[in-house]
Amino acid sequence: MTPYVKGLLLTLAGVVLMSPDAVLIRLINVDAWALLIWRGGLMALAMLALLAIAFRGNIRRGFRGFGLGGLIASFALCFGNIGFVTAMTEEKVALVLVVFATVPLFGALIGWGGYGEKIPARTWIAIPAAMAGLAVAAQASLQTGVVFPLAMALCGTLMLATFLTILRHEPGVNNYAATALGSAFAAIVALGFADPGVIAGSSDKLAFTVLLCLFVLPAAMAFFSAGPRYISSADVGLVLLLETVLGPLWVWLVIAEAPALSTLFGGAIVIATLIAHSIAALRAQRPQISRPRTPDKAIRPAARPS
């Protein structure tokens, strides 16, 4: 197996593992704040466990070089998680995932404004096209006047884009460490708004929560972290689009939640735009297989909040 194929398979495995996230959130069926307490706390523990594995028991090594950039990234992930979970509990899954699919484009804008990163012409063309698709996808929600979940999805998208942009530009910030701290921050914030006993008092809710936060998300994160070591970001972006299809599919199969027609049309515009953008990026820069990074370097998956 070539390194390129290995990278594709690892990233694909991460997407497939992550795809039940939305349906499990629906099955847990609690207030967003209550879920955030458990999601944040369990994810923090899981990420610390992965750090211990990566650094052979010396977790402190994962926080070397963390600095202000790591702290800002952790807060960004905290609010990204809050935006994502709130939107998922109050808005249709398909629309939320369409919004989060635009993370790479928002990340390009944040990299340009915050780090002076050059934006290629293909991205400048893709950004307004994707925004037009989002406008179409959001029509059903805008017509009802219930815009708070959509606003939270957009906020979460911006925060996640900020998180990933910082990781890309700050090599001292380890992704597992930043994810652990950001998840812990989200749990601490949520403690002021909800009672964790809502989940603890139900065996079904607790089982789904443990499955999601201690197995599904950490396993997906591990694969996401490994895949980009071998393939380009354009390849990763293409594979990640699969979740925009799989997530709503699982929700439709399990709880019969069908997306609005406007979401399907708008989502198709967004996905087509991102596919065209990734293909253009691949043609402009042929995939170069980089050697695996050592554990001391940042691990940078391109994924949504965990």
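Reader: Where is the place of Asp 235?
Author: Asp 235 sits in helix α13, residues 233-255. Helices here are DSSP runs of H or I with at least four residues, numbered from the N terminus. This is a predicted model: local features need pLDDT of at least 70, side-chain atom pairs count only at pLDDT 80 or more, and totals for chains, interfaces and linings use all residues. Residues are numbered from 1 along each chain as its sequence is written, and side-chain values use heavy atoms, with hydrogens and water left out.
Reader: Is Asp 235 buried or exposed?
Author: Asp 235 is buried, at a relative accessible area of 4%. Buried means under 20% relative accessible area, exposed over 50%, and partly exposed in between, using a 1.4 Å probe and protein chains only.
Reader: Which side chain makes a polar contact with Asp 235?
Author: That of Tyr 4, at 2.7 Å. A polar contact is a pair of N or O atoms within 3.5 Å; within protein, one must be able to donate a hydrogen and the other to accept it, and residues adjacent in sequence count only if both atoms are side-chain atoms.
Reader: New topic. How many residues of α5 are buried?
Author: Eight of its eight. Helix α5 covers residues 93-100, and its buried residues include Val 93, Leu 97 and Phe 100.
Reader: What about Ser 74, buried or exposed?
Author: Ser 74 is buried, with 0% relative accessibility. It lies in helix α4, residues 67-90.
Reader: Which residues does Ser 74 touch?
Author: Leaving out residues up to four places away in sequence, Ser 74 touches Phe 66, Ala 178, Leu 181, Gly 182 and Phe 185. Contact means heavy atoms within 4.5 Å.
Reader: On to helix packing. At what angle do α3 and α12 cross?
Author: Roughly 40 degrees, and their axes come within 9 Å. So α3 is oblique to α12. Angles under 35 degrees count as roughly parallel, over 145 as roughly antiparallel, 65 to 115 as roughly perpendicular and the rest as oblique. Axes are lines fitted to C-alpha atoms, for helices over the stretch in contact, and angles run from 0 to 180 degrees between N-to-C directions.
Reader: Which residues meet there?
Author: Among them are Trp 38, Arg 39 and Leu 42 in α3, and Thr 209, Cys 213 and Pro 218 in α12.
Reader: And how far apart are the axes of α10 and α12?
Author: They are 11 Å apart, and the helices pack at about 145 degrees. Asn 175, Tyr 176 and Thr 179 in α10 meet Met 221, Ala 222 and Ser 225 in α12.

Key: Helices (H or I, at least four residues) and strands (E, at least two) are DSSP runs, numbered from the N terminus.
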